[in-house]
Amino acid sequence: MRAGEPDGAPDAVVLPDGAEQLTALLALCAQSSLAVVPFGGGTSVVGGVAPLRGAQAGVIALDTSRMGDPLELDVDSRTVTVQAGMRAPALERHLAKSGLTLGHYPQSFEYVSLGGCAATRSAGQASTGYGRIEQMIAGLKLSSPSGEIALPALPASAAGPSLRQLLIGSEGTLGVISELSLRVRPAPRERIYEGVFFESFSAGAGALRELVQHGAAPDVARLSDESETRMSMALAGSGGLKGKLGRVYLRARGYGSGCIAIFGYEGEQAGARRERGLQIARESGGLPVGRSPGEAWLKGRFAAPYLRDELLTLGVMVETLETATQWSNVERLHTTVGQAIAGALRDGGTPGLVMCHVSHLYETGASLYFTFIARQREGEELAQWREAKEAASRAIAEGGGTITHHHAVGVDHAPWMSAEVGEGGVRALRALKDELDPAGIMNPGKLVGG
Ligand SMILES: Cc1cc2nc3c(=O)[nH]c(=O)nc-3n(C[C@H](O)[C@H](O)[C@H](O)COP(=O)(O)OP(=O)(O)OC[C@H]3O[C@@H](n4cnc5c(N)ncnc54)[C@H](O)[C@@H]3O)c2cc1C
């Protein structure tokens, strides 16, 4: 697009207002051989909303923005039912009137739709505490070309394999999620965000593991590696630690080239949970450095991506990618993926800077989020990106990580699906698609290709 080559625009944009129009629209598209690309907030970073027509005669973008109404709030059960095109900020505003929150804050929060989050198994910045989107979904409705599947809100069910979980993450390839029933909770009255320094990425990762395995993980826990820490301190993102004084203090304490972590506690017993968390962090070598780094992060939590276009204009490539792995493999994968990206950039003649942070904790492992920056190869920008992306994806697949922890599959990760779930797994997903979308109109080329 920036090169002035906007090929692949959809033939039309269609905005249905609910399940009834969706059903009629999907039937018409199947009859007329039109591919349908569901479009929520359009924030996919993996080509999820690329208007590919596959084997169809044309392609429409199905914009869900007119399906944005709240439908029912069940305060006793702490669930809210909404049309799936509703944007995350609109839901939070709606829930705030009743003192409730969903607590789903991906970095793209300002734009995302809840249907898009559900379709991509999204994780919010506070998902260590609030859970990922799939843990927040109690029920849903999907309009597919073969008809509607309605799964009511239930606390749990043993009725066979979880159809809910099969439709969550389907990335528009099976149908359009039209409604969602979401688990909500009281909005936090207290929020404590702060910084903790560790001597190294290894020491910090060890501390995060201790925290989560002792049930003391902060709701937000982010550990930057050495190069990301240097960058954020240079950009003064570390608030009160910026400048010479902060660096002198850290050096004097033996943390001169260390790593910063942001810990955030929200809601019930935030103070008590923080005390316990800090105690474990200290025992693992952590140095608390006060609230200003945490508060600075909280204030700028959605801002960094806006830099990307400015950097591209200045001839700087910047890209992010992510994975997750078991604790026993976190440090190894951090090293091998970082080296693979750096190697690809170097081989392409534009040595770059690779940074990483841990952003989501689980008892068994954690996510790794990489950012890389390099001078763009003029006229070869896409080739340069592809080389780095391919090297990273290969290192992830061969190194025991998932090809995506939260960005989803889209077009970019589809070739790596069989490495993740096996040929049999891909065939099973295709069989489900054949049943719900026999004409193959739903989001061709995404998730399982086709
Ligand atoms: C700056 C930036 C930061 C980001 N940070 C995060 C983050 O912190 N965590 C995270 O998880 N992701 C993040 N993402 C990725 C992206 O925001 C998520 O994948 C998000 O869930 C997409 O929501 P959306 O409404 O924009 O979906 P879209 O981009 O519109 O669509 C995503 C996919 O879902 C399908 N889809 C959309 N709506 C529906 C529906 N109603 N029914 C069926 N299929 C549908 C689309 O066809 C597409 O395949 C980020 C992206 C950007 C640009």
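Good morning. At 48% relative accessibility, arginine 66 counts as partly exposed, where buried means under 20% relative accessible area, exposed over 50%, and partly exposed in between, with a 1.4 Å probe and protein chains only. Before I continue with this residue, a word on the basis of the values. This is a predicted model, in which local features need pLDDT of at least 70 and side-chain atom pairs count only at pLDDT 80 or more, while totals for chains, interfaces and linings use all residues. Residues are numbered from 1 along each chain as its sequence is written, and side-chain values use heavy atoms, with hydrogens and water left out.

Arginine 66 forms a salt bridge with aspartate 17, and their closest N and O atoms are 3.9 Å apart. The criterion is a side-chain nitrogen of Lys or Arg within 4 Å of a carboxyl oxygen of Asp or Glu. Because arginine 66 sits in the loop between β3 (58-63) and β4, and aspartate 17 in the loop between β1 (12-14) and α1, the pair ties together parts that are 49 residues apart in sequence. Aspartate 17 is also partly exposed, with a relative accessible area of 34%. For the labels, helices (H or I, at least four residues) and strands (E, at least two) are DSSP runs, numbered from the N terminus.

By this rule, the count of salt bridges comes to 14. One of them joins arginine 191 and glutamate 266, at 2.8 Å from N to O. Arginine 191 belongs to strand β11 (residues 191-198) and glutamate 266 to strand β13 (residues 259-266), so this pair ties together parts 75 residues apart in sequence. Arginine 191 is partly exposed at 40%, whereas glutamate 266 is buried at 6%. Glutamate 380 and arginine 377 form a further salt bridge, with the closest N and O atoms 2.8 Å apart; here glutamate 380 is partly exposed at 42% and arginine 377 is buried at 15%.

Five strands form an open sheet in the order β4-β5-β9-β7-β8, with antiparallel pairing; two strands pair if DSSP finds at least two bridges between them. At the edges stand β4 (70-74) and β8 (147-151), each with a single partner strand, so one side of each has no neighbour in the sheet. Strands β7 (residues 137-144) and β9 (residues 176-183) run antiparallel and are joined by six bridges. Within this pairing, leucine 142 stands opposite isoleucine 177 in β9.

Next, the nonpolar cores. These are sets of buried Ala, Val, Leu, Ile, Met, Phe, Trp, Tyr and Cys residues joined through side-chain atoms within 4.5 Å. The largest has 45 residues, and those with the most contacts inside it are Leu208, Leu223, Phe263 and Ile341. Helix α13 (residues 327-347) supplies the largest share of this core, eight residues. Apart from it lies another core, of 38 residues, including Ala119, Leu180, Val184 and Phe302.

Finally, the cysteines. How many disulfides does a search of the whole structure find? The search finds zero, a disulfide being a pair of cysteine sulfur atoms within 2.5 Å. The sulfur of cysteine 356 has its closest cysteine sulfur in cysteine 259, at 10 Å, too far for a bond. Cysteine 356 is buried, with a relative accessible area of 0%, and cysteine 117 is buried at 3%. Thank you.
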